[in-house]
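Open the model in your viewer and keep the selection panel at hand. The stops below follow charged side chains.

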Amino acid sequence: MGKRTNSSKAAAARDRMPKKLYERELFRLQAELVKAQEWVRAEGHRLVVVFEGRDAAGKGSTIKRVTQYLNPRVARIAALPAPTERERTQWYFQRYISHLPAAGEIVLFDRSWYNRAGVERVMGFCSDDEYQHFLRLAPAVEREIINNGIFLLKYFLDVSQEEQRRRFEARLSDPVKHWKLSPMDVESVRRWWDYTKAYQAMLEATDSQLAPWYVVPADDKRRARLSLISHLLSKIPYNKVAVELPEIPQPAPRPKSVENDLRAGQVVPRHC
C-alpha cells in the first residue's frame, strides 16, 4: 500500500476532533472516572476492562487517559510479557486469573487472554487444538468471572489498514516512539488479512450476551478515546460517593534552632 495522498491527509485532518473540544470533554469524562473509581473502592466492587485491538490502534494511549487521574492503588494495568517457560506449562488462563481484582479494585488488561486468538493464532505460537480449545473455553471462563460478581467489559480497538501503516511510519521518525516498533508489530502490516480473519473468528466465537464485545473505530484517536470512556461509564452503575476531605492546618512557626533550608546534600542545578 502506498502513502496517503495529500487529499486524503487533508480530509482526515478536517474530520479530526478539535483539540480544545477534545481536551475539555476528556477532562469531564476523567472526572466521572474518578467518581466511578471511588464508588468501586467504597462499595467493594471489582471491575475488569479488557483492551484488545489491532497493532497501533491506540490501546496504550487510551488506557493512559483512563488511568491518568485514578488512584494507582485502586486502578492498575495488567500488561503481561511473553509467558515464561514455567508459565507455558500452566493452564492457559492461570496467569491472567492471578491478576483479577480484589474488592475495591479495577484492573485494565492491556491485551489479555485473547492473545491466543490473535497473535498466537496468526504467528503459529499455539497449536490448532489449543486455539480451538480456547475459543470453546473463553466464554465459560468469562461467565464464571461475571458470576463471581466481577464487572467485565471487553473493547476491541479497530483501525483501517491505511491508518495502521501511517502510524507505524510515523514511529520511524519519532525517537520517543521507537520502542513501540517491534518486529512483531511490523509483521502485522504484512499479515493484515491473516489478523483480520483471526479477529473475525475471535469476535464471533467469544461474543456473548453476558460478555459482549464492543468494537471501537479508532482511526480518529481523540474520538475513539472519548467514545470508549463514555461507553465504559455508561456500563457501570456508579453513583457519587461522599468524600471526606481533611482540613489543611496552619503550619507551626519555625523554631529558632532550625535552619530554613536543607543543607545535607547537593542541589540539582536548574535545567533552564
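Which residue forms a salt bridge with Arg95? Select Glu87: its salt bridge with Arg95 has the closest N and O atoms 3.5 Å apart, where a salt bridge is a side-chain nitrogen of Lys or Arg within 4 Å of a carboxyl oxygen of Asp or Glu.

This is a predicted model, in which local features need pLDDT of at least 70, side-chain atom pairs count only at pLDDT 80 or more, and totals for chains, interfaces and linings use all residues. Residues are numbered from 1 along each chain as its sequence is written, and side-chain values use heavy atoms, with hydrogens and water left out.

Stay on Arg95, in helix α5 (residues 94-97); helices are DSSP runs of H or I, at least four residues, numbered from the N terminus. Arg95 is buried at 9% relative accessibility, whereas Glu87 is partly exposed at 25% (buried is under 20% relative accessible area, exposed over 50%, partly exposed in between; 1.4 Å probe, protein chains only). Next select Pro81: its backbone oxygen lies 2.9 Å from the side chain of Arg95.

Move to helix α2 (residues 19-43) and select Arg41 and Glu38, three residues apart. Their salt bridge has its closest N and O atoms at 2.7 Å. Arg41 is partly exposed at 42%, while Glu38 is buried at 15%.

In helix α8 (residues 161-172), select Arg165 and Glu169, four residues apart, about one turn of the helix. Their side chains form a salt bridge at 3.2 Å, N to O.

Finish with Glu52, Asp55 and Arg111, which are linked in a salt-bridge network. The salt bridges come to 18 by this rule.

Terms used. Helices (H or I, at least four residues) and strands (E, at least two) are DSSP runs, numbered from the N terminus. A polar contact is a pair of N or O atoms within 3.5 Å; within protein, one must be able to donate a hydrogen and the other to accept it, and residues adjacent in sequence count only if both atoms are side-chain atoms.
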